[in-house]
Amino acid sequence: MIISHSWSNHKYQKTEIIDFSACYNQIQLLDMEPVANWEEQYQQNDDRWDIGKVSTPLKEYFDQLINKNLKILIPGGGNGHEATYLHQQGFTQVYLLDVAPTPLKQFAERNPNFDKQHLHLENFFDHDSSYDLVVEQTFFCAINPTHRKAYARKVSNLLNPNGKLVGLLWSVDLNTDHPPYGGSKSEYRAYFDEYFSYLYFDNARNSIKPRANRELFLLAQKQAI
Ligand SMILES: C[S@@+](CC[C@H](N)C(=O)[O-])C[C@H]1O[C@@H](n2cnc3c(N)ncnc32)[C@H](O)[C@@H]1O
């Protein structure tokens, strides 16, 4: 029997959806997860993965960062609660990337002082830049598991020397045919070991309640080549 897992979260106040179709049309459909599905779900306000705020583990990690000029990428960032939080805390080099235009448009409306040049409507795997920190929050579990090794390699390629990946990964089995895809620490190590050294990779101790004991906190540093 296949058990279908859905995203268990609470919702937050939505802003009005504004047409962003000009940009949307420029995005090529991906072979792995049709971009239209994500965009359609946002347009239908069906974003059950969205917890409505920065997650506690990431907030606590961000709160101890001293350098506000770190260049930070949040890929598959959706409504961008991490980006909003970092922006509000005075981080100046925060970049939000997603294939779906609607959440980026809504993010720009909610954060009028956020530099629009820092919003990337793009396939993560096509993105080309360099960062000090990449933030993972329910993006890894959204891509097809066959692309997980490519995700690890891509994050590593995007990071500057000594750059870090920080985020949360499910530590439970979820769906096998559609997101969210789950997994385990031992499975994930098969993807990340080649590119990263682990500063912390264990059960998250401060998850939000619906995700308690179901996710790993990952803080990994790019290995020197
Ligand atoms: C499960 S949602 C998570 C969104 C956000 N991180 C959150 O926690 O609310 C996955 C996000 O990844 C985006 N996405 C899926 N495939 C992508 C890709 N190849 N490149 C960039 N974004 C992608 C989707 O549009 C969606 O916003």
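1. Ile72 stands opposite Val94 in β2, and its bridge partner in β4 is Leu133. Lys71 stands opposite Gln93 in β2. The model is a predicted one, in which local features need pLDDT of at least 70, side-chain atom pairs count only at pLDDT 80 or more, and totals for chains, interfaces and linings use all residues. Residues are numbered from 1 along each chain as its sequence is written.

2. Strand β1 (residues 71-75) pairs with strand β2 (residues 93-98) in the parallel sense over 5 bridges. With strand β4 (residues 131-137), β1 pairs in the parallel sense over 2 bridges. Two strands are taken to pair if DSSP finds at least two bridges between them. Helices (H or I, at least four residues) and strands (E, at least two) are DSSP runs, numbered from the N terminus.

3. Because 5 of the 5 residues of β1 are buried, this strand is largely enclosed by the rest of the structure. Lys71, Leu73 and Pro75 cover one side, and Ile72 and Ile74 the other. A residue is buried if 20 or more other C-beta atoms, placed from the backbone, lie within 10 Å of its own. In a regular strand the side chains alternate between the two faces of the sheet.

4. From β1 the chain crosses through helix α4 (residues 81-88) to β2, in a right-handed β-α-β crossover; that is, with the strands pointing away from the viewer, the path from the first strand over the helix to the second runs clockwise.

5. The open sheet has 7 strands in the order β3-β2-β1-β4-β5-β7-β6, with mixed pairing. Its edge strands, β3 (119-121) and β6 (196-203), each pair on one side only. The twist averages 15 degrees from one strand to the next. Helix α5 (residues 101-110) packs on the sheet, touching β2 and β3, and its direction makes about 160 degrees with that of β3. Axes are lines fitted to C-alpha atoms, for helices over the stretch in contact, and angles run from 0 to 180 degrees between N-to-C directions; contact requires C-beta atoms, placed from the backbone, within 7 Å.

6. The protein chain has 7 helices and 7 strands. Buried residues make up 36% of its 225 residues. Of its contacts with a separation of 6 or more, 70% join residues 24 or more positions apart.

7. The ligand is surrounded by 23 residues, the closest being Trp38, Gly76, Gly78, Phe124 and Ala142; the criterion is a C-beta atom, placed from the backbone, within 6 Å.

Note on methods. Contact = placed C-beta atoms within 7 Å. Buried ≥ 20, exposed ≤ 12 C-beta atoms within 10 Å, placed from the backbone.
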